[in-house]
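Here are some comments for a colleague who is looking over the coordinates.

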Amino acid sequence: MNEIFQRVSIRKYEERPVEQEKLIRILKAAMAAPSAGNQQPWEFYIVRDKETIRKLSEASPYAGCAAGAPAVIVPCVRTKDLRFPSMAVVDMAITTEHILLEATSLGLGAVWLGIAPEEDRVKYVNDVLGIGDRLSAFALVPVGYPAEERPWQDRFDESRIHCVD
Ligand SMILES: Cc1cc2nc3c(=O)[nH]c(=O)nc-3n(C[C@H](O)[C@H](O)[C@H](O)COP(=O)(O)O)c2cc1C
């Protein structure tokens with residue numbers, strides 16, 4: 001899959017907005033992710049309000065780049081009625097990776113900003129978005145047209161492969 005070998009974290013974005021159809025296409029890819037028992041524990045916020053984005057960019061010392069993004073996707077996990085609650089964090093990681101890959105495929109730049117499982121960050125984002133207790137923020141993913149170029153890193157390392165034949 002080409003996007004896997006093209007995706008890099010992009011932290012600088014053009015000011016122009018991202019088309020709604022592209023954001024929906026990204027979330028269609030996100031919701032195509034596999035999940036434990038097909039529990040699909042996710043819901044997603046699309047944040048375009050500049051002041052809210054500014055607040056989100058203060059969710060951690062490493063989230064500052066979100067401030068320059070025209071949109072931030074916030075994958076959230078349902079907190080109740082999950083069939084396999086302990087697996088939900090794994091499901092959320094997969095859906096978040098789908099977001100990054102589909103953004104790449106659409107010519108957009110994005111980066112995963114870690115929120116869960118750091119409790120103080122989760123609480124901060126939940127409060128900023130007024131999420132309530134049915135959902136909980138998992139990550140921040142700023143999305144925009146790239147305003148930086150970063151080379152793709154080949155991290156293939158044969159010594160990490162162990163064959164049992
Ligand atoms: C769980 C997770 C949390 C991350 N958190 C941050 C973050 O808080 N801030 C940031 O700038 N990048 C964050 N990143 C992006 C990583 O720094 C990046 O993926 C890594 O350096 C490899 O670079 P690449 O994505 O360009 O291949 C995170 C990535 C993951 C998977």
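The points below concern a helix, the ligand shell and a single residue.

1. The model is a predicted one, and that should be kept in mind for each of the points that follow.

2. Helix α4 spans residues 119-129, and within it R121, V122 and V125 are buried. These residues lie on the same side of α4, because the arc they cover around the axis is only 100°. In general terms, an α-helix has 3.6 residues a turn, so residues three or four places apart point the same way.

3. On the face of α4 that is turned away from its buried side, the exposed residues are E119, D120 and D127. The buried residues of α4, for their part, are covered by elements that include the helix α2 (50-56), together with β2 (71-78), β5 (135-137) and β6 (139-144). Just after α4 comes G130, whose phi is positive, at about 60°.

4. Around the ligand, the surrounding residues are V8, S9, R11, S60, Y62, A63, C65, V111, W112, L113, G114 and Q153. Sorted by class, this shell has seven nonpolar residues, four polar residues and one charged residue.

5. I94 belongs to helix α3, which covers residues 88-105. Is I94 buried, exposed or partly exposed? I94 has 15 other C-beta atoms within 10 Å and is therefore partly exposed, given that a buried residue needs 20 or more and an exposed one has 12 or fewer. When residues up to four places away in sequence are not counted, I94 touches A33 and P34. Between the C-alpha atoms of I94 and V72, which are 22 residues apart along the chain, the separation is 18 Å.

How values were computed
Residues are numbered from 1 along each chain as its sequence is written. This is a predicted model: local features need pLDDT of at least 70, side-chain atom pairs count only at pLDDT 80 or more; totals for chains, interfaces and linings use all residues. Helices (H or I, at least four residues) and strands (E, at least two) are DSSP runs, numbered from the N terminus. The arc is that of the directions from the helix axis to the C-beta atoms. Two residues are in contact if their C-beta atoms, placed from the backbone, lie within 7 Å. A residue is near a molecule or strand if its C-beta atom, placed from the backbone, lies within 6 Å of it. Ala, Val, Leu, Ile, Met, Phe, Trp, Tyr, Cys and Pro count as nonpolar, Asp, Glu, Lys and Arg as charged, and the others, Gly among them, as polar.
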